[in-house]
Amino acid sequence: MEFTEWIRGRTDEELRTLVSARPELISPVPAHLEGLAARAGSPSAIARVLDRLDRFTLAVVETLAVHEGPIRKTALRELVGGALAAGKPEPALGAALARLRDLALVYGPDSAIDLAPGVRKVLEDPAGLGPIAEMAFRHHPPEQLTEMADEIAPGTTGSGRERLAAALADPAALIDQVSPEARHALEQLAWGPPTGRVPNARREVRLASARSPIEQLLARGLLAATGEESVTLPREVGLHLRGGRVHRDLLAVPPALEGTARDQAMADRTAAGQAFMFVRAVEELCERWSIDPPGVLRTGGLGVRDMKRTASELDLPEWATALVVEVAHAAGLTSAGGSVDGEWLPTSGYDLWRIRGTADRWVVLAATWLQMDRVPGLVGERDDRDRPLNALHPDLRRSSAPAVRAATLGVLDAAPGLAPSRDSVLRRLAWEQPRRRGPLREQLTEFALREAEQLGLTGLGTLSGHGRALLAGDGAASVLDPLLPEPVDHVLLQADLTAVAPGPLTSELNRWMTLAADVESKGGATVYRFAESSVRRALDAGQGVEELLAMLERHSATPVPQALSYLISDVGRRHGRMRVGTASAYIRCDDPALLDQISADRRSAALRLRRLAPTVIASRSSRAALVDSLRAMGYAPVPESLDGDVIISQLESRRTEGPAPARPVTSPNGLDPEVATAAVRALRAGDAAHLARREPVDAPSGHIPHSPSTATVSVLQEAIRQGARVWIGYRDSQGNATSRILEPARMEGGYLTAYDETRAAVHRFALHRITGVSDI
């Protein structure tokens, strides 16, 4: 049976399964099923789908690749069963074949199972076996092959390559002729890789002159020279050394996970607490960057000093800070903007995110982490040019990162209540996706395990209930919300100018406390310290003395200490007595004695002050530099505008516009079921026309259909559901009216995808250009 005919004989449901599992086959939709079969056999498409196979299913493919031509399922069962380390091949073999048929990698009935065209070519060295003899010796001169065949297979007929291949079909006699050292060299290559390096491999060696072990093998054709210094083991020799087996120690089921058993309820609570802390860390990051944004490096990214400062402010290790920074950026909460040189600022999307519930905010962050292609774990490492990789640097992208995270969490999902070890997870992933192994993949897996714990997807090393719901796309917020700690709306003020938050504060109170006080320590209870600088910061943001005291009285479970009241009143009394404007800059104060004090202060020499009037001093420094210098000298100036108004530093005033976050994936393979259905319908329609070799049909005679737009859409939707044909009127880009006979397949985004019988091809039609529709 031809592969194309087998594809054509699949049911619509089976074709939908195929294009859903391999969405690259319908990007774009082929014109007919023959085109689908050709695309399914392309090397790139085959390599991509082979990367998704587990170790046992891939072993079935490799076994079929080694044995040319169709094979019976009973024979395949014996071959695969002989390689199993334990157990029987069924039912794993049946499930593997069913999946391979769904993926169109194998076809045919159980009496004649064969690989799809192109698979053998992609699997150059299946199961670590080298090429067949005819291919291994294809670059040797014909006269050299003839001489080798005359020596090892005298009396045979045919070309030198054919005679050599026939002799190697059963190489037992040739192997018995070589020395033990040569036999040992063969055994080193038997289970792969089948290639090795040998000096002067291309040199012609005769049996009589063969002395070294490698020369003995080359003279008998047991090794084939593929280059000046490279040799390969012919497949026939490798299979003989393996005793006819293609694999050894094969597992039909994934290896068991090993680790520590955890109480699921405890793990869920731990993960929920971590999720809450991560949301708060992102919120604190955005609030701090809205006041004092770090600059954007010329090469892109966040500077090392800014990274260390941010880590200190968030009280997190640098790797965890990098995770917070990267996730916030990927979620569209921060972006580059601001001045000409650029600053990292919160976006307007942050304000919308901040007003949502904590559980909903966490879902946004966790879903973003799952699907972003940036790798925060690489921050601090060096690139190929030995340059450091900074946070938010463009070179942190790795296209395989989302798939590795999903696969890693999938392993944890398979073992509820178990915290598997790192090595156990790596072994399971190596079985599930053997073609995707490598140092980078192992590194990404380790990053995924560490970051999932920090994000709160896992707790105590095991996948949490809300993490499992997030992977399934099934109400993670509702699962997480009951587990989150209840925010408190009060603090405990103490006489030493500190305030203790007995739990996580409400969002608004947390913002206010961060503004009016400095965080001294974090933990089960957060300790804030009030100081002159922090009180002045609140006054600069527009707060008044009475407002500060009223806020403290409203949210304190203890009376406001007298020392704190004195501090706020004293700072408020001095705040704003002195004002700084733009001359370059000037100082204006109603108290000349205070200006005399500033002029006499030696620390003001660098400001290059000049007295213009009893209440005004001019400076050549900028307004911002002058304000900072006076505050460092112990004064409390405020900046004023050209109109003499006090400039208030609002927290939410520093915002920028950022790109929209990536849309969440709605299905494991990212393909909408409706898209698969429409694609199969278009393929069937196109294939019917292709088989019948129909000429384009003429549209019915008469007036071009005209109908209201709402009626047009309704008729098209009904035709899509029923698979019916319709007659439409259509205006092209030049405004010319034409009529078409269509088999509608899909309608979305203002376009109709349909098989156009008047053109015998699949086209997209703009809905606003369809003048009307009529049934046929």
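Colleague: Where is P28 placed?

Modeller: P28 sits in the loop between α2 (12-21) and α3 (33-40). Helices (H or I, at least four residues) and strands (E, at least two) are DSSP runs, numbered from the N terminus. This is a predicted model, in which local features need pLDDT of at least 70, side-chain atom pairs count only at pLDDT 80 or more, and totals for chains, interfaces and linings use all residues. Residues are numbered from 1 along each chain as its sequence is written, and side-chain values use heavy atoms, with hydrogens and water left out.

Colleague: What kind of peptide bond joins S27 and P28?

Modeller: A cis peptide bond, with omega about 0°. E90 and P91 are also joined by a cis peptide bond, with omega about 5°. P91 lies in the loop between α6 (73-81) and α7 (92-102).

Colleague: Is A127 buried or exposed?

Modeller: Buried means under 20% relative accessible area, exposed over 50%, and partly exposed in between (1.4 Å probe, protein chains only). A127 counts as buried because its relative accessibility is 15%. A127 is not a glycine, yet has a positive phi of about 55°. D386, likewise not a glycine, has a positive phi of about 65°, and at 51% relative accessibility D386 counts as exposed.

Colleague: In which sense do strands β17 and β19 pair?

Modeller: Two strands pair if DSSP finds at least two bridges between them. Strands β17 (residues 585-589) and β19 (residues 616-619) pair in the antiparallel sense over 4 bridges, with R588 opposite V616 in β19.

Colleague: What joins β18 to β19?

Modeller: A hairpin, through 2 residues. β18 (residues 609-613) and β19 run antiparallel, joined by 4 bridges; the bridge partner of A613 is V616 in β19.
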